[in-house]
Every structure is written in structure tokens, then in C-alpha cells.
Amino acid sequence: MIALSILSGGAAGGASDPSGAGNGGSDAPLIEGPKARKAHKQYTALKVPAPWEQKGFTPADASALAAVRVLSSFTQPAPGDRTQTDSDFAAVFTAFRAVDRLQVLAQAAAKTDISAADRAQLERAFQRGMTQLRQYIGSTATDKLSLTFGANSSRAESSVLSMPRGSATFTGNVVVASPDTVVEGLTGTEKFEVAIGIPGGTRDKVTVDLSTGPSHPTLKNVVDAINAAIASIPDRDASGDIITDESGAPRPRWETRFAVRELGEHKYAIGYDLGYGELASIKEVGAGDALMVAEARHGKSEADALELRRYTASGSDLTAVADAGKDVSIDRVATARAAAKIDAEAEKKGKDYVKPDPTVNAGLHVNASTSDADGNSYVVGTASGDYGAVRGNGTKSLFLTKLDSGGRILWRRAIGAASDVEGAAVAVDANGNVSVAGSVAATSSAGLVSGHDADMVVARFSSSGDQLLNTKVDNWGNDAAKAITADSAGNIIIGGSGSEGGLLVKLDASGDVLQRVKVDAATEVHSLATDRNGDIVALTREDGHSVVRRYSAALDAGAHFDLGADVLANAVAVASDGRLAVVGGADAQIPGDQVNTRAENRDAFVTILSTDLSSARTTYIASADDDTADSLTIADGSIYVGGRTYGALDGARRGRRDGFVARVALSDGQIGAISQFGREDDDVGSVQVDLARGGGGHLSVLGLAAGELGQRESAKIVGQTGIVARPSGDIVSALRNSVGDTFRIQVGKGKIETVPIDANDTLATLRDKLKKIVGKSAIVSVSSAGGDAATLRISVMAGEKITLIEGKKNRDGGDALAKLGFTAGVYASPANSVEQRLKPGGTFGLKLDDTLSIDTKDSATRAAEQLASASSALKNAYASLFWTEAKAKMADNDGKRTGTGGSSAYDLAKLASYKSALARLTAGSGTSSMASLL
């Protein structure tokens with residue numbers, strides 16, 4: 001029969017073809033050549049019935065809706081599915097079942113006769129199933145196949161992080177129509193001081209006096225005056241003699257220069273370029289301070305936005321106010337879904353459709369603020385989504401933001417955890433380092449926590465944002481941090497609550513606990529301050545009372561003052577003369593002298609206490625409705641108060657609850673000014689105030705800020721992303737409590753390597769780590785994202801495969817991959833060689849993403865279409881495990897697709913000879929004669 005098949009052109013000896021691909025219509029039999037036979041041997045899988053081949057199977061069976069919508073696991077086998085020992089079959093079949101069940105939900109939600117409540121329930125089930133499918137694909141082990149949740153990709157890219165390089169360049173945000181346009185707000189009498197030097201060296205100082213120029217200066221006039229002053233500083237040799245150029249003129253010492261920059265048509269702004277390795281600062285001579293106000297706004301106009309306000313003349317009537325900007329925490333998934341819906345709408349409405357901003361804000365709350373000696377402000381609070389380079393993981397993170405005196409954000413930092421971080425406090429020490437404190441909710445897997453109890457967490461950063469400390473305070477029971485301060489020795493004192501009540505904890509610079517003091521009768525320590533003698537002042541809450549307590553530097557208890565019952569004090573501060581001020585909300589009169597009378601409801605109050613806490617004088621900031629004070633700062637004989645009101649303190653109330661700032665005289669408690677702010681339907685959150693030293697002058701008119709120029713974010717990954725560094729002898733010993741965040745990487749089918757993140761790692765050092773692992777299988781590079789921003793990129797070479805895997809969970813959370821912005825999964829590049837292309841299996845992407853939802857009819861229709869495409873991809877993945885005639889043809893024709901068969905030239909020549917012989921034998925003979933012959 002084989003001979004007959006060969007001679008007659010039948011297919012009795014041909015290769016099996018599960019895909020249905022045959023000889024392209026040719027009557028010639030497929031004769032595998034040596035290349036095809038070699039490739040064929042790799043295919044060892046034995047065909048088993050796939051789910052879609054089972055008897056009675058109906059794709060996306062609507063009758064299964066009731067069962068699917070209550071499924072606890074979308075990746076569980078269906079009745080009748082056999083357990084698969086082959087890992088590739090198991091992966092394809094399990095994923096197919098999950099996709100099919102998701103299609104059932106999507107098709108149900110795509111109907112028009114469905115209630116909003118029913119659609120919402122379907123959406124919850126759909127998102128549960130999508131999460132389970134993504135997790136299954138990302139964690140399941142396979143042999144010849146690789147499945148990806150999204151589209152096939154040969155490149156992985158991180159989030160955008162800071163990677164400063166070269167000299168610092170800055171452009172201001174104050175724009176004028178021409179370099180020769182008079183700058184509004186300048187009087188022409190201003191004097192600025194510029195100081196330039198190198199790290200660790202003495203700075204040269206020059207004064208720029210605008211009164212020596214035009215009475216109405218332009219942007220160009222100002223720039224020329226500053227540059228002339230800088231250029232007047234001569235360079236000197238080792239003997240102190242002035243160095244001259246070829247013409248004999250003194251050579252300028254410094255390269256830092258200011259410039260007028262064109263931003264567009266009729267748009268110009270001032271900017272500067274710092275010379276390489278040079279440091280510079282600027283201030284206005286005689287300038288006052290600026291009052292910086294930070295609050296979280298919740299409601300109609302600004303959904304969960306951090307809003308910054310700047311009062312440029314803090315000692316006046318508080319009317320010179322400007323919006324200094326805003327910041328938000330972003331719900332990444334919701335934003336991506338909103339963008340997808342907007343894109344779909346744009347396709348319907350055409351090119352004239354103006355796309356709205358798809359950004360969806362996540363929860364954000366402001367808890368505290370403070371300032372440093374250079375006029376920079378630090379705001380601390382909690383964020384529920386992405387914040388800067390810190391990627392949200394569904395829990396609240398404690399954030400710290402640094403701003404210059406003009407309100408420009410210099411950097412953001414966050415402490416993330418596997419559970420919510422609650423509360424926040426901030427303090428700046430004498431060295432300019434900033435410390436923050438909070439608490440991690442009780443959980444067995446919380447970041448920065450080992451154990452089941454809630455713990456205090458503390459982090460310290462340098463002024464440039466480098467993380468110096470990141471630790472927890474070990475203790476049995478539930479501890480919560482509410483307040484923080486620093487003493488003259490650089491120690492950190494945390495106030496809060498423990499299982500036994502109010503608590504003070506002193507840590508050294510390495511995070512070691514030096515003292516732990518229980519505050520008798522207190523339920524918690526709510527606010528802390530350090531006075532000029534190094535004593536610690538604590539504001540406690542004790543059985544319905546608010547009490548101010550004084551402690552020595554050694555935390556020995558001293559005098560105290562009870563503010564009374566029905567008083568909820570929120571913050572305490574120390575004046576330069578040693579007196580104390582306390583603010584909060586009072587439902588009863590506070591003991592001591594009264595500057596004014598209370599209203600009927602809860603009133604905001606300011607109580608001024610003597611140094612020895614023996615006397616008090618209280619001022620009430622009261623409307624006809626409830627008011628409370630959240631924060632205060634003291635300077636130049638004034639107490640500045642930030643708070644909230646349901647009433648009218650300065651004109652009519654504008655929102656559901658407004659914010660306010662007030663100035664109260666330290667000398668006599670009189671209210672000097674009040675400024676109330678709000679927007680329709682908005683609810684203003686906690687209002688935090690601090691002073692930007694020297695920020696009240698005219699530099700803001702030029703788009704500049706007082707203080708250090710060119711402040712740049714640190715390049716270190718740990719500080720920017722909230723990643724927990726690997727402990728080592730090279731970093732602060734407090735990190736010894738941490739296992740550290742990691743991620744894993746596998747090249748091809750090789751060993752899975754774990755990649756730790758060290759405290760000093762930058763994108764460049766992480767690139768070098770990965771280069772050693774991937775070798776020639778991928779190109780790892782740092783790619784510029786504009787300015788000081790960059791991303792880390794992994795580009796897989798042709799025919800290679802790289803798998804990125806989440807870090808193993810540990811007591812600190814564990815995974816660094818998501819925090820870096822990488823997506824776990826397989827990254828592969830199509831093979832160029834025929835040999836690689838003929839291997840069984842391969843990489844198959846389902847082309848699904850987090851934007852898929854079924855919360856509307858249109859989005860459900862789109863989801864159903866993408867899921868149908870994913871089903872087809874899984875069927876193709878299954879078919880790739882089997883040998884086909886098409887593959888045989890590709891092998892023997894060196895990868896060229898042809899319809900002439902897969903046989904070699906030699907085999908085809910032999911076939912032609914056989915056919916010729918057959919023709920001669922059958923000439924003039926009938927079928928019976930031929931049959932007789934055979």
C-alpha cells in the first residue's frame with residue numbers, strides 16, 4: 001500500500017496535520033526531507049481533547065451566567081475536564097476556561113435590558129476574574145509555551161525616575177510677552193544677593209541692586225544685572241592673584257549664568273544654568289517670610305487634591321495670596337480605563353472631539369507640614385494611589401513632599417507597605433534632615449512590620465531626598481505614631497500611643513531605641529515640639545482633656561498645664577522667647593485669661609502659655625458655626641493658625657466646609673487678620689501652615705524661589721520609589737530589620753535569578769546588575785525621558801526570551817518589580833532563524849489589560865471582543881505544540897513558505913522519475929492489468 005501511495009500520489013505516508021494545513025492543493029505526497037524530519041522529532045506532545053473540542057461545549061454559554069457570577073475561582077477546572085500532567089496543556093486549558101467565563105459576564109453586561117445594580121455586580125465579578133487570570137498567567141510554570149496577559153512584547157520599561165546628570169538647568173514659570181516687557185510687581189528698588197561656590201567651600205557673594213538700572217526693569221534688565229554681578233567675581237590662582245584672559249581682562253571665576261528663555265510665541269521666562277560642580281543660592285535683601293498653606297481639598301471642584309496657597313506678605317492683612325500649585329495621587333487603573341473610554345468616544349465623534357483629561361485622582365490627605373532654614377517646606381500625609389514615582393498597591397502610603405519657597409515641588413517620597421499606613425508627622429533637625437513618622441495597620445504581612453501588631457514607622461531623608469533611615473519600632477501590642485520632633489543631638493523623639501496608653505520613644509540616628517517612656521494618664525501624645533533649651537514639649541490627650549507637658553532632654557517629666565475638658569487640642573509650638581502656643585477646637589472655656597468670648601458652638605482657639613506653664617491666655621477664632629484649628633507656626637511676634645470652619649469668619653462660607661488662616665499677636669492675643677477660602681461643594685481637609693523664610697519678597701514675581709538654586713532630586717531608587725533596600729554593612733543599621741524588596745528574572749529556561757535593590761542603587765547601577773544576568777540575550781539601557789528623568793529599558797534580542805517575576809513575599813512586602821513600574825511576564829523577540837521558528841510552542845499574548853471593564857454597555861462590548869481574541873490566541877497556542885505539513889514545508893525550504901510541497905529537490909526528482917515509469921507501465925493498459933501486475 002505504501003508503494004501504491006507513492007506511485008499514485010496519495011497521502012498514506014504523510015505527516016499528520018491537526019491545523020488542517022495540507023499540501024496547498026497539490027496532488028504530490030508530502031515527503032519529509034532531512035531538515036523536516038529533524039524538526040519533527042522535537043514534537044512529542046500527544047493530542048488530548050481541548051475544552052473547546054469536548055462534546056456539548058458552547059462558547060460563552062449564557063446559561064452558565066448564574067454560576068459564573070458567583071464563582072470564587074475563575075481558574076478552577078470545569079466538570080468533565082481531565083487533570084493534565086502536561087504543564088503546557090494545563091496552562092492553556094485553565095486560561096481558556098477563565099477567558100470563556102469572563103466572556104459570559106461581558107456578553108451579559110453588553111445587553112441593554114440590565115439594571116445598574118446588576119451591571120455593578122457583574123463588574124465586580126469580572127474584575128475578580130481578571131485579577132485571578134492575570135495572577136495565574138504570571139505565576140504558572142510551563143514548558144514549551146509562554147503565555148502573557150497582555151500583548152507580546154520584546155521590551156520591558158520601568159517607571160520614569162530621576163537620574164540627574166551634568167549641570168542643573170531651570171526655567172521659571174512666570175511668563176512675559178517679550179524680554180523687553182516690564183515685569184509687573186517689580187519696583188526697581190529691589191536688591192538680590194547671589195552666593196556661588198563649590199561643595200564644602202566658602203561662597204562668593206554679590207549684591208544685585210536694581211535701583212542702579214531702569215526704574216521699570218524688564219526681564220532682560222534683571223538677567224543682565226545678575227550676570228554682570230556674577231561675572232565681576234574674578235578667578236584667582238593659588239597665590240591669590242587675579243587670572244586674566246588674552247586681552248588682559250579678569251577671567252570670571254564662575255560659569256553659572258542666568259538667561260531669558262523663549263518658551264513659544266510671545267512667551268518668555270527667566271532661567272539659569274549652574275556651572276558644572278557649582279552651587280548657588282539667591283535671596284532678596286530685607287525680604288520677609290511667606291506663609292505657606294497646604295490642605296487636601298475633597299469635593300466637586302478638586303477631587304482629593306493637595307492644594308498649595310502662598311501668602312507673600314505674612315505680616316499684613318493676609319490678602320496677598322496666590323495659588324502655588326497643586327498635587328494629586330493618581331488611581332492608575334481607573335485613569336487607564338477612563339482614557340480607553342475617551343478614546344472610544346473620540347472614534348465615534350471624529351477629529352473635532354476634544355478629549356477631556358482622563359486622570360482619576362485617588363485619596364489624598366494632608367497631616368502635617370514644616371519648613372527648614374532655607375525656606376523650603378515639607379508636607380506629609382497619606383496617598384491611596386500613585387504618588388510621584390511611588391506606585392500605589394491598593395493601600396495607603398505615607399508621603400513626604402518638599403517644596404521651595406515659591407511652591408514648586410522639588411521631590412516626593414513615600415513609605416509604602418503591604419497594609420495601610422496611618423497618621424503622619426514631620427520634623428526637620430539642625431542638620432537639615434527631615435524625619436517622618438506614621439503607623440502601619442496590624443497584619444501578618446505588612447511592609448516594615450514583622451508580626452501581627454500595629455507598629456510605629458520612622459523614615460529620615462536628607463535635604464536632597466536620600467533615604468537615611470527606614471525602620472519600625474518593635475514592641476508587643478499595637479503602637480501608633482502621632483507626633484515627631486528632633487533634639488539638638490540629632491535624636492528622633494516620637495509621640496503616640498501604645499497598648500498601655502500615651503507613649504514617648506527616643507531613637508538615635510541609626511534607629512536604635514534609646515528610651516521608651518509611658519505618659520501617665522494619657523491615651524496618646526498628639527503633638528511634640530523642642531524648645532530652645534532642648535526640652536521636649538508634649539501635647540497629650542487624657543480622659544477627655546488636652547494637657548501640655550514639659551519633659552527634659554532625658555525625658556524626665558516636668559510641669560504641665562491642663563486645658564480642661566471638652567477641649568481637643570491639635571498642635572503645639574514654641575516661640576523664640578520660650579513661651580508656648582497651642583491650637584485646636586474647644587466646646588468649653590479654657591482656664592486662664594480670655595482675650596475674647598466663646599461662641600455657642602465648637603470654636604477654634606489659640607492658647608498662649610508661659611514658659612513655666614503657670615499661666616495661660618486664650619483667643620477664640622469663632623463663627624456662628626463649628627470651627628477648629630489644625631496647625632500653627634510662630635515667627636516675628638505673630639502666631640499663624642490654619643484651620644477649618646463651617647461658618648463665616650471672613651465673608652460668606654463658599655463650600656461645604658472652608659479653610660482659613662489667621663494671624664494672632666503673640667504679645668496680647670489679638671486677632672490681626674483672617675483669610676477664609678473654599679469652593680462650592682468642596683470640603684477642605686486639615687489645613688497645615690508653615691513659614692518659608694525669606695520667601696515673601698519679589699523673587700516669586702520673576703518665577704524664582706529664595707534659597708538654593710538648582711535643587712535636584714536624588715538619583716537613588718530607594719528614596720524615589722519607596723522600595724525597601726537590601727540590608728548591608730554599607731547602609732544605616734536600622735535597615736537590618738528588613739529583608740528588603742527584590743524581583744526575579746529568568747533568561748530562557750535558565751536559572752531564576754533574584755535581583756535585590758541596594759540603598760545606593762540608581763538606574764545606572766541596576767542596569768549594570770541586569771547586564772551581568774541577561775548577557776547577550778537582551779540590551780539593558782537607561783533611556784532619557786527628558787531633563788533629569790529617565791527609564792530603565794530591557795530590549796530582548798531576536799530569538800530570546802526574558803521572564804520578569806515578582807519578588808517573593810516576605811515580612812516587608814517583598815516585591816520590587818511593581819514598585820519599579822515593570823510588568824511581570826514574558827518578554828520575547830521573534831526568532832530570525834528557521835530552527836528557532838520550528839520549535840514547538842512559543843510566546844502567545846492574550847492582549848488583555850487593566851483597562852477592560854464591563855461597567856457600561858460599550859465597555860462590555862469591547863471586553864467581549866478582546867476576550868474572543870484571547871480565546872483564539874489560546875487555541876493557536878495549543879496548535880503550536882503539534883507538527884503540521886506547513887512546518888515540514890518551512891523546514892525543507894529554509895523557512896520559505898511555498899505551495900510546491902515540503903520535499904527536497906532530490907526527493908522531488910525521484911518522484912518525477914516514479915511518475916514517468918508509472919506512465920510507461922500504464923500506457924495502453926486498463927486498471928485491471930495494472931492491479932494484476934502489482
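Here is a short chat about a predicted model, its helix pair and one of its sheets.

Trainee: What makes helix 4 and helix 5 roughly antiparallel?

Mentor: The axes of helix 4 (residues 87-109) and helix 5 (residues 116-139) cross at roughly 165°. Angles over 145 count as roughly antiparallel, so helix 4 and helix 5 get that label. Their axes come within 10 Å, and the crossing is left-handed.

Trainee: Which residues in helix 4 and helix 5 meet?

Mentor: Among them are Ala-91, Ala-95, Val-99 and Leu-102 in helix 4, and Leu-122, Phe-126, Met-130 and Leu-133 in helix 5. The contact residues divide into 16 nonpolar, 2 polar and 1 charged. Arg-119 is the charged one, because Arg counts as charged.

Trainee: Why are strand 21 and strand 24 said to stand at the edges?

Mentor: The open sheet runs in the order 21-22-23-24, with antiparallel pairing. Strand 21 (480-486) and strand 24 (513-519) each have a single partner strand, so one side of each is left without a neighbour in the sheet. Neighbouring strands here are turned by 20° against each other on average, direction ignored.

Trainee: How do you know that strand 21 and strand 22 pair?

Mentor: Pairing takes at least two bridges, and strand 21 and strand 22 (residues 492-498) have 6, in the antiparallel sense. Ala-483, for one, stands opposite Gly-495 in strand 22.

Trainee: Where does pLDDT stay under 50?

Mentor: Over residues 1-26 and over residues 729-738. Where pLDDT is low, the predicted coordinates should not be read in detail. The protein averages a pLDDT of 85.

Notes. Residues are numbered from 1 along each chain as its sequence is written. This is a predicted model: local features need pLDDT of at least 70, side-chain atom pairs count only at pLDDT 80 or more; totals for chains, interfaces and linings use all residues. Side-chain values use heavy atoms; hydrogens and water are left out. pLDDT is the predictor's confidence in each residue, from 0 to 100. Contact means heavy atoms within 4.5 Å. Helices (H or I, at least four residues) and strands (E, at least two) are DSSP runs, numbered from the N terminus. Axes are lines fitted to C-alpha atoms, for helices over the stretch in contact, and angles run from 0 to 180 degrees between N-to-C directions. Angles under 35 degrees count as roughly parallel, over 145 as roughly antiparallel, 65 to 115 as roughly perpendicular and the rest as oblique. A crossing is left-handed if the near helix is turned anticlockwise from the far one by less than a right angle, and right-handed if clockwise.
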